[in-house]
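Keep the 3D view open as you read.

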Amino acid sequence: MDNAPRTQAAPGPLASFARFVVFGGGVGLLSGLAVPMLAASMPWAVANALITVASTLLCTELHARFTFGSGRRAGWRQHWQSAGSATAAYAVTCAAIFILHLVQSSPGMLTEQIVYLGASGLAGIGRFVVLRLFVFATGGNRSTETVPVSVQAPVQVPVPVRTKTLRPARPMVLSAA
């Protein structure tokens with residue numbers, strides 16, 4: 001039985017995107033329901049900020065473990081970088097709702113949901129690209145193959161060594177002239 005450690009395969013772009021949609025989209029849908037409920041007791045932007053922070057922490061963990069194939073928890077660097085992309089997504093959703101309220105003074109909850117989820121979807125595509133290429137990238141080439149890693153003892157190879165045989169020196173003859 002081979003006990004050599006193996007590296008985990010990173011999923012390809014389509015598999016990663018499908019996982020991103022399932023995890024990020026699922027949390028996004030729940031967030032879409034939570035924001036208006038929370039906004040009933042506080043300003044909408046504050047409710048969106050609170051839900052964005054909570055959902056970003058959850059999604060970063062899900063994406064680290066499952067979406068992009070690391071199989072382990074996200075580190076501080078990934079959380080901060082993910083927070084940066086979530087801040088951009090937050091700005092997009094806030095701008096979309098702000099524009100909606102400029103166009104329609106008191107839109108219904110369904111209209112707000114459609115605009116919010118549409119803006120979230122567009123921002124999510126941008127986040128996927130950022131997360132895949134920068135935050136959870138594992139080097140220049142993300143392979144979908146599993147590469148076995150093994151440790152072997154060094155092999156000793158005999159190397160021929162040339163030795164110079166020493167000849168006795170010729171006696172010097174000095175002549176007196």
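Leu 100 touches Pro 107, Thr 111, Glu 112 and Val 115, leaving aside residues up to four places away in sequence; a contact here means heavy atoms within 4.5 Å. This is a predicted model, in which local features need pLDDT of at least 70 and side-chain atom pairs count only at pLDDT 80 or more, while totals for chains, interfaces and linings use all residues. Residues are numbered from 1 along each chain as its sequence is written, and side-chain values use heavy atoms, with hydrogens and water left out.

**Around Leu 100**

- Leu 100 sits in helix α3, which covers residues 76-103; helices (H or I, at least four residues) and strands (E, at least two) are DSSP runs, numbered from the N terminus.
- Is Leu 100 buried or exposed? With a relative accessible area of 10%, Leu 100 is buried (buried means under 20% relative accessible area, exposed over 50%, and partly exposed in between, with a 1.4 Å probe and protein chains only).
- Leu 100 and Glu 112 are twelve residues apart in sequence, and their C-alpha atoms are 7.7 Å apart in space.

**How the helices pack**

- Helix α3 packs against helix α4 (residues 109-135) at an angle of about 155°, and their axes are 9 Å apart; axes are lines fitted to C-alpha atoms, for helices over the stretch in contact, and angles run from 0 to 180 degrees between N-to-C directions.
- That angle makes α3 roughly antiparallel to α4 (under 35 degrees counts as roughly parallel, over 145 as roughly antiparallel, 65 to 115 as roughly perpendicular, and the rest as oblique).
- The contact of α3 with α4 has 14 nonpolar, eight polar and three charged residues; Ala, Val, Leu, Ile, Met, Phe, Trp, Tyr, Cys and Pro count as nonpolar, Asp, Glu, Lys and Arg as charged, and the others, Gly among them, as polar.
- Helix α1 (residues 13-39) also packs with α4, at an angle of about 145° and with axes 10 Å apart.
- In the contact of α1 with α4 there are twelve nonpolar, six polar and two charged residues.

**Cores and the whole protein**

- The largest nonpolar core has eight residues, including Phe 20, Phe 68 and Leu 131; such a core is a set of buried Ala, Val, Leu, Ile, Met, Phe, Trp, Tyr and Cys residues joined through side-chain atoms within 4.5 Å.
- Helix α4 gives the largest share of this core, three residues.
- Another core, of seven residues, lies apart from it and includes Leu 100 and Trp 44.
- The protein has four helices and zero strands, and buried residues make up 31% of its 177 residues.
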